[in-house]
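Please look over the structure below with the following notes beside you.

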Amino acid sequence: MQPRNMSMSGVVDLAAVKAAGEAKAKAEQTRAEAARQGGGGAVPPSALVIDVDEAGFERDVLQRSAEVPVVLDFWAEWCEPCKQLSPVLERLALEYNGRFVLAKVDVEANQMLMQQFGIQGIPAVFAVVAGQALPLFQGLAPEPQIRETLDQLIQVGEQRFGLTGLTVDADAGEPAAAPAPVAGPYDAALEAAVDALDAGDLGGAIQAYKNVLSDDPGNSEAKLGLAQAELLSRVREMDPQKVRQDAADRPDDVRSQIAAADLDLAGGHVQDAFGRLVEAVRRTAGEDRDAARLRLLELFEVIGPDDPRVTAARTALARVLF
(Lines give C-alpha, C1' and ligand atoms only; values in the text may rest on other atoms or scores of the structure.)
Protein backbone atom coordinates (compact mmCIF):
# COMPACT_ATOMS: atom_id res chain seq x y z
CA MET A 1 0.00 0.00 0.00
CA GLN A 2 1.59 3.23 -1.11
CA PRO A 3 1.44 6.45 0.90
CA ARG A 4 -0.76 9.16 -0.48
CA ASN A 5 -1.38 12.84 0.18
CA MET A 6 2.13 13.33 1.59
CA SER A 7 2.17 16.88 0.21
CA MET A 8 -0.32 17.98 2.88
CA SER A 9 -2.38 19.67 0.21
CA GLY A 10 -5.46 18.87 2.28
CA VAL A 11 -4.19 21.09 5.08
CA VAL A 12 -3.41 23.95 2.73
CA ASP A 13 -6.87 23.67 1.17
CA LEU A 14 -8.47 23.66 4.59
CA ALA A 15 -6.59 26.77 5.64
CA ALA A 16 -8.02 28.57 2.64
CA VAL A 17 -11.63 27.96 3.48
CA LYS A 18 -13.74 30.38 5.43
CA ALA A 19 -14.25 27.93 8.31
CA ALA A 20 -10.58 28.20 9.28
CA GLY A 21 -11.10 31.58 10.92
CA GLU A 22 -13.99 30.25 12.95
CA ALA A 23 -11.94 27.23 14.02
CA LYS A 24 -9.09 29.49 15.14
CA ALA A 25 -11.44 31.64 17.21
CA LYS A 26 -12.93 28.54 18.83
CA ALA A 27 -9.46 27.19 19.61
CA GLU A 28 -8.46 30.46 21.25
CA GLN A 29 -11.66 30.43 23.30
CA THR A 30 -11.01 26.85 24.43
CA ARG A 31 -7.43 27.65 25.44
CA ALA A 32 -8.58 30.70 27.39
CA GLU A 33 -11.19 28.65 29.22
CA ALA A 34 -8.62 25.97 30.08
CA ALA A 35 -6.30 28.66 31.45
CA ARG A 36 -9.07 30.08 33.64
CA GLN A 37 -9.70 26.61 35.06
CA GLY A 38 -6.05 26.05 35.81
CA GLY A 39 -5.38 23.81 32.82
CA GLY A 40 -2.79 24.18 30.08
CA GLY A 41 0.17 23.40 32.36
CA ALA A 42 3.10 21.13 31.64
CA VAL A 43 2.34 17.50 30.79
CA PRO A 44 4.48 14.38 31.28
CA PRO A 45 6.01 12.68 28.21
CA SER A 46 3.49 9.86 28.62
CA ALA A 47 0.73 12.29 27.56
CA LEU A 48 2.24 12.63 24.08
CA VAL A 49 1.20 9.11 22.97
CA ILE A 50 -2.29 8.04 23.98
CA ASP A 51 -4.84 5.36 23.15
CA VAL A 52 -8.20 6.76 22.05
CA ASP A 53 -11.64 5.19 21.74
CA GLU A 54 -15.04 6.43 20.62
CA ALA A 55 -16.13 7.29 24.16
CA GLY A 56 -13.15 9.57 24.78
CA PHE A 57 -12.76 11.03 21.30
CA GLU A 58 -14.45 14.34 22.12
CA ARG A 59 -12.22 14.96 25.14
CA ASP A 60 -8.93 13.39 24.06
CA VAL A 61 -8.90 14.50 20.41
CA LEU A 62 -11.34 17.27 19.58
CA GLN A 63 -10.82 19.31 22.74
CA ARG A 64 -7.07 18.69 22.83
CA SER A 65 -6.76 19.78 19.19
CA ALA A 66 -7.50 23.34 20.35
CA GLU A 67 -4.05 23.33 21.97
CA VAL A 68 -1.93 21.11 19.75
CA PRO A 69 -2.30 19.15 16.49
CA VAL A 70 -3.47 15.60 17.22
CA VAL A 71 -2.20 12.92 14.82
CA LEU A 72 -4.45 9.85 14.57
CA ASP A 73 -2.84 6.48 13.90
CA PHE A 74 -5.51 3.97 12.82
CA TRP A 75 -4.12 0.46 13.38
CA ALA A 76 -5.04 -3.14 14.22
CA GLU A 77 -3.20 -5.99 15.90
CA TRP A 78 -3.33 -8.14 12.74
CA CYS A 79 -1.92 -5.39 10.50
CA GLU A 80 1.79 -6.02 9.87
CA PRO A 81 2.48 -2.61 8.21
CA CYS A 82 0.93 -0.98 11.29
CA LYS A 83 3.52 -2.70 13.46
CA GLN A 84 6.24 -1.03 11.39
CA LEU A 85 4.68 2.43 11.23
CA SER A 86 3.37 2.87 14.78
CA PRO A 87 6.77 2.70 16.53
CA VAL A 88 8.10 5.38 14.18
CA LEU A 89 5.20 7.69 14.95
CA GLU A 90 5.54 7.05 18.68
CA ARG A 91 9.26 7.85 18.61
CA LEU A 92 8.66 11.03 16.63
CA ALA A 93 5.92 12.16 19.04
CA LEU A 94 8.44 12.04 21.88
CA GLU A 95 11.17 13.64 19.76
CA TYR A 96 8.91 16.56 18.73
CA ASN A 97 8.38 17.14 22.45
CA GLY A 98 4.83 18.45 22.57
CA ARG A 99 4.49 19.95 19.10
CA PHE A 100 1.91 17.26 18.31
CA VAL A 101 0.13 14.48 20.20
CA LEU A 102 -0.17 10.98 18.77
CA ALA A 103 -3.56 9.31 19.35
CA LYS A 104 -3.68 5.60 18.52
CA VAL A 105 -7.04 4.16 17.38
CA ASP A 106 -7.57 0.39 17.30
CA VAL A 107 -10.01 -0.02 14.39
CA GLU A 108 -11.21 -3.42 15.60
CA ALA A 109 -12.57 -1.83 18.77
CA ASN A 110 -13.65 1.46 17.14
CA GLN A 111 -15.46 0.61 13.92
CA MET A 112 -17.61 3.75 14.04
CA LEU A 113 -14.55 6.03 14.07
CA MET A 114 -13.13 4.11 11.13
CA GLN A 115 -16.36 4.64 9.20
CA GLN A 116 -16.64 8.30 10.14
CA PHE A 117 -13.15 8.98 8.77
CA GLY A 118 -13.90 7.01 5.59
CA ILE A 119 -10.92 4.70 6.03
CA GLN A 120 -10.59 2.01 3.35
CA GLY A 121 -7.36 0.43 4.57
CA ILE A 122 -4.79 0.62 7.35
CA PRO A 123 -2.43 1.90 8.47
CA ALA A 124 -4.06 5.27 7.91
CA VAL A 125 -2.91 8.54 9.46
CA PHE A 126 -5.08 11.61 9.94
CA ALA A 127 -4.74 14.81 11.93
CA VAL A 128 -7.20 16.96 13.84
CA VAL A 129 -6.32 20.66 14.10
CA ALA A 130 -8.63 23.02 15.98
CA GLY A 131 -11.43 20.53 15.54
CA GLN A 132 -10.80 20.13 11.80
CA ALA A 133 -10.02 16.63 10.47
CA LEU A 134 -7.43 16.23 7.69
CA PRO A 135 -6.04 13.17 5.89
CA LEU A 136 -2.25 12.84 6.02
CA PHE A 137 -1.30 9.52 4.40
CA GLN A 138 -2.24 5.87 4.11
CA GLY A 139 0.14 2.92 4.25
CA LEU A 140 3.82 2.88 5.07
CA ALA A 141 5.97 5.92 4.31
CA PRO A 142 9.70 6.67 4.66
CA GLU A 143 10.61 8.52 7.83
CA PRO A 144 11.92 11.62 6.00
CA GLN A 145 8.54 12.04 4.31
CA ILE A 146 6.73 11.53 7.61
CA ARG A 147 8.90 14.22 9.20
CA GLU A 148 8.17 16.60 6.32
CA THR A 149 4.45 15.97 6.70
CA LEU A 150 4.59 16.59 10.45
CA ASP A 151 6.60 19.78 9.97
CA GLN A 152 4.01 21.12 7.54
CA LEU A 153 1.18 20.10 9.89
CA ILE A 154 2.80 21.92 12.82
CA GLN A 155 3.48 25.00 10.69
CA VAL A 156 -0.14 25.19 9.58
CA GLY A 157 -1.29 24.68 13.17
CA GLU A 158 0.85 27.58 14.35
CA GLN A 159 0.26 30.02 11.49
CA ARG A 160 -3.41 29.39 10.78
CA PHE A 161 -4.78 28.37 14.16
CA GLY A 162 -2.32 29.73 16.71
CA LEU A 163 -1.50 26.29 18.13
CA THR A 164 1.75 26.54 20.05
CA GLY A 165 1.85 22.96 21.33
CA LEU A 166 2.23 21.57 24.83
CA THR A 167 4.90 22.18 27.44
CA VAL A 168 6.45 18.87 28.42
CA ASP A 169 7.85 18.28 31.89
CA ALA A 170 10.46 15.57 31.41
CA ASP A 171 10.84 15.22 35.19
CA ALA A 172 7.14 14.75 35.88
CA GLY A 173 6.62 11.74 38.08
CA GLU A 174 3.69 9.45 38.40
CA PRO A 175 0.74 10.88 40.32
CA ALA A 176 0.50 10.00 43.98
CA ALA A 177 -1.32 6.80 44.71
CA ALA A 178 -4.95 7.24 45.63
CA PRO A 179 -5.96 6.36 49.16
CA ALA A 180 -6.98 2.75 49.62
CA PRO A 181 -10.73 2.46 49.12
CA VAL A 182 -12.89 1.62 52.08
CA ALA A 183 -14.28 -1.89 51.87
CA GLY A 184 -17.85 -1.89 50.60
CA PRO A 185 -20.69 -4.00 51.97
CA TYR A 186 -20.39 -6.61 49.20
CA ASP A 187 -16.62 -6.77 48.82
CA ALA A 188 -16.33 -10.07 50.70
CA ALA A 189 -19.08 -11.69 48.62
CA LEU A 190 -17.58 -10.44 45.36
CA GLU A 191 -14.15 -11.69 46.41
CA ALA A 192 -15.66 -15.08 47.20
CA ALA A 193 -17.18 -15.16 43.71
CA VAL A 194 -13.80 -14.41 42.12
CA ASP A 195 -12.16 -17.12 44.24
CA ALA A 196 -14.80 -19.59 43.08
CA LEU A 197 -14.15 -18.65 39.45
CA ASP A 198 -10.41 -19.13 39.93
CA ALA A 199 -11.10 -22.56 41.41
CA GLY A 200 -13.31 -23.53 38.47
CA ASP A 201 -16.44 -23.60 40.66
CA LEU A 202 -18.72 -21.83 38.22
CA GLY A 203 -21.86 -22.81 40.12
CA GLY A 204 -20.49 -21.31 43.31
CA ALA A 205 -19.47 -18.11 41.51
CA ILE A 206 -22.88 -17.76 39.89
CA GLN A 207 -24.64 -18.17 43.21
CA ALA A 208 -22.31 -15.68 44.93
CA TYR A 209 -23.00 -13.03 42.29
CA LYS A 210 -26.74 -13.72 42.51
CA ASN A 211 -26.59 -13.25 46.28
CA VAL A 212 -25.12 -9.77 45.80
CA LEU A 213 -27.67 -8.85 43.14
CA SER A 214 -30.57 -10.01 45.28
CA ASP A 215 -29.69 -7.24 47.75
CA ASP A 216 -28.23 -4.73 45.26
CA PRO A 217 -29.74 -5.27 41.78
CA GLY A 218 -27.73 -2.40 40.31
CA ASN A 219 -24.30 -3.65 41.40
CA SER A 220 -22.32 -3.36 38.15
CA GLU A 221 -19.45 -5.60 39.26
CA ALA A 222 -21.82 -8.41 40.20
CA LYS A 223 -23.80 -8.04 36.96
CA LEU A 224 -20.61 -8.27 34.90
CA GLY A 225 -19.26 -11.20 36.92
CA LEU A 226 -22.54 -13.11 36.71
CA ALA A 227 -22.77 -12.66 32.95
CA GLN A 228 -19.20 -13.89 32.50
CA ALA A 229 -19.64 -16.88 34.83
CA GLU A 230 -22.89 -17.93 33.13
CA LEU A 231 -21.22 -17.71 29.71
CA LEU A 232 -18.33 -19.90 30.87
CA SER A 233 -20.81 -22.37 32.35
CA ARG A 234 -22.70 -22.62 29.06
CA VAL A 235 -19.64 -23.22 26.87
CA ARG A 236 -17.79 -25.52 29.27
CA GLU A 237 -19.49 -28.71 28.05
CA MET A 238 -19.84 -27.72 24.40
CA ASP A 239 -18.16 -29.55 21.55
CA PRO A 240 -16.90 -26.52 19.57
CA GLN A 241 -16.58 -28.39 16.28
CA LYS A 242 -20.13 -29.75 16.49
CA VAL A 243 -21.59 -26.41 17.56
CA ARG A 244 -19.97 -24.57 14.67
CA GLN A 245 -20.96 -27.27 12.18
CA ASP A 246 -24.57 -27.13 13.38
CA ALA A 247 -24.58 -23.33 13.04
CA ALA A 248 -23.20 -23.57 9.50
CA ASP A 249 -25.65 -26.32 8.47
CA ARG A 250 -28.71 -24.67 10.05
CA PRO A 251 -28.48 -20.90 9.63
CA ASP A 252 -32.19 -20.48 10.47
CA ASP A 253 -32.01 -22.52 13.69
CA VAL A 254 -31.86 -19.96 16.50
CA ARG A 255 -30.60 -22.38 19.16
CA SER A 256 -27.63 -23.30 16.96
CA GLN A 257 -26.81 -19.64 16.32
CA ILE A 258 -27.08 -18.78 20.04
CA ALA A 259 -24.69 -21.59 20.97
CA ALA A 260 -22.22 -20.50 18.28
CA ALA A 261 -22.45 -16.89 19.49
CA ASP A 262 -21.57 -18.03 23.01
CA LEU A 263 -18.51 -19.80 21.62
CA ASP A 264 -17.57 -16.73 19.57
CA LEU A 265 -17.66 -14.47 22.60
CA ALA A 266 -15.88 -16.91 24.89
CA GLY A 267 -13.13 -17.11 22.27
CA GLY A 268 -12.75 -13.32 22.11
CA HIS A 269 -14.57 -12.85 18.79
CA VAL A 270 -16.89 -10.18 20.15
CA GLN A 271 -18.10 -8.64 16.92
CA ASP A 272 -18.69 -12.07 15.34
CA ALA A 273 -20.89 -13.03 18.29
CA PHE A 274 -22.87 -9.80 18.16
CA GLY A 275 -23.23 -9.89 14.39
CA ARG A 276 -24.43 -13.50 14.44
CA LEU A 277 -27.22 -12.72 16.91
CA VAL A 278 -28.26 -9.48 15.22
CA GLU A 279 -28.64 -11.48 12.00
CA ALA A 280 -30.62 -14.14 13.89
CA VAL A 281 -32.98 -11.45 15.16
CA ARG A 282 -33.36 -10.08 11.63
CA ARG A 283 -34.23 -13.48 10.14
CA THR A 284 -36.70 -14.70 12.77
CA ALA A 285 -39.93 -13.78 14.55
CA GLY A 286 -41.88 -14.61 17.67
CA GLU A 287 -40.23 -16.72 20.37
CA ASP A 288 -37.12 -17.37 18.26
CA ARG A 289 -36.56 -13.66 17.79
CA ASP A 290 -37.02 -13.03 21.51
CA ALA A 291 -34.55 -15.80 22.38
CA ALA A 292 -31.86 -14.36 20.09
CA ARG A 293 -32.50 -10.82 21.32
CA LEU A 294 -32.34 -11.77 25.00
CA ARG A 295 -29.11 -13.73 24.55
CA LEU A 296 -27.60 -10.74 22.75
CA LEU A 297 -28.52 -8.51 25.69
CA GLU A 298 -26.89 -11.04 28.04
CA LEU A 299 -23.70 -10.96 25.99
CA PHE A 300 -23.72 -7.16 26.16
CA GLU A 301 -23.45 -7.57 29.95
CA VAL A 302 -20.36 -9.78 29.50
CA ILE A 303 -18.53 -7.02 27.64
CA GLY A 304 -19.94 -4.04 29.53
CA PRO A 305 -22.30 -1.25 28.47
CA ASP A 306 -19.58 1.34 27.84
CA ASP A 307 -17.68 -0.74 25.28
CA PRO A 308 -18.00 0.84 21.79
CA ARG A 309 -18.65 -2.61 20.27
CA VAL A 310 -21.73 -2.89 22.46
CA THR A 311 -22.86 0.58 21.39
CA ALA A 312 -22.49 -0.35 17.72
CA ALA A 313 -24.32 -3.65 18.19
CA ARG A 314 -27.18 -1.92 20.04
CA THR A 315 -27.57 0.38 17.05
CA ALA A 316 -27.59 -2.58 14.66
CA LEU A 317 -30.13 -4.38 16.83
CA ALA A 318 -32.42 -1.35 16.83
CA ARG A 319 -32.29 -1.24 13.03
CA VAL A 320 -33.46 -4.83 12.61
CA LEU A 321 -36.10 -4.54 15.35
CA PHE A 322 -37.65 -1.32 14.13
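Predicted model: local features only at pLDDT ≥ 70, side-chain atom pairs only at ≥ 80, totals over all residues.

1. Residues are numbered from 1 along each chain as its sequence is written, and side-chain values use heavy atoms, with hydrogens and water left out.

2. Helix 8 (residues 202-215) and helix 9 (residues 220-236) pack with their axes 9 Å apart and at an angle of about 155 degrees. Helices here are DSSP runs (H or I, at least four residues), numbered from the N terminus, and axes are lines fitted to C-alpha atoms over the stretch in contact, with angles running from 0 to 180 degrees between N-to-C directions. Helix 8 and helix 9 are therefore roughly antiparallel to each other, a term used for angles over 145 degrees.

3. Among the residues that meet across this pair are Leu202, Ile206 and Tyr209 in helix 8, and Ala222, Leu226 and Arg236 in helix 9. The residues of this contact divide into 10 nonpolar, two polar and five charged, where Ala, Val, Leu, Ile, Met, Phe, Trp, Tyr, Cys and Pro count as nonpolar, Asp, Glu, Lys and Arg as charged, and the others, Gly among them, as polar.

4. The axes of helix 11 and helix 13 come within 10 Å and cross at roughly 10 degrees, and these two helices are therefore roughly parallel to each other, the term for angles under 35 degrees. By class, their contact has nine nonpolar, no polar and four charged residues.

5. Which residues touch the most other members of the largest nonpolar core? In this core of 28 residues they are Leu265, Phe274, Leu296 and Leu299; a nonpolar core is a set of buried Ala, Val, Leu, Ile, Met, Phe, Trp, Tyr and Cys residues joined through side-chain atoms within 4.5 Å. Helix 9, helix 10, helix 11, helix 12, helix 13 and helix 14 each supply at least two residues of this core. A second, separate core of 24 residues includes Leu89, Leu134, Val156 and Phe161.

6. Leu231, found in helix 9, is buried, with a relative accessible area of 4% (buried means under 20%, with a 1.4 Å probe and protein chains only). Leaving aside its neighbours within four places in sequence, Leu231 is in contact (heavy atoms within 4.5 Å) with Asp262, Leu265, Ala266, Leu299 and Val302. The C-alpha atoms of Leu231 and Ala266 are separated by 7.2 Å, although these residues are 35 apart along the chain.

Definitions and conventions:
Parallel < 35°, antiparallel > 145°, perpendicular 65-115°, else oblique. Buried < 20%, exposed > 50% of the residue type's maximum accessible area, 1.4 Å probe, protein only.
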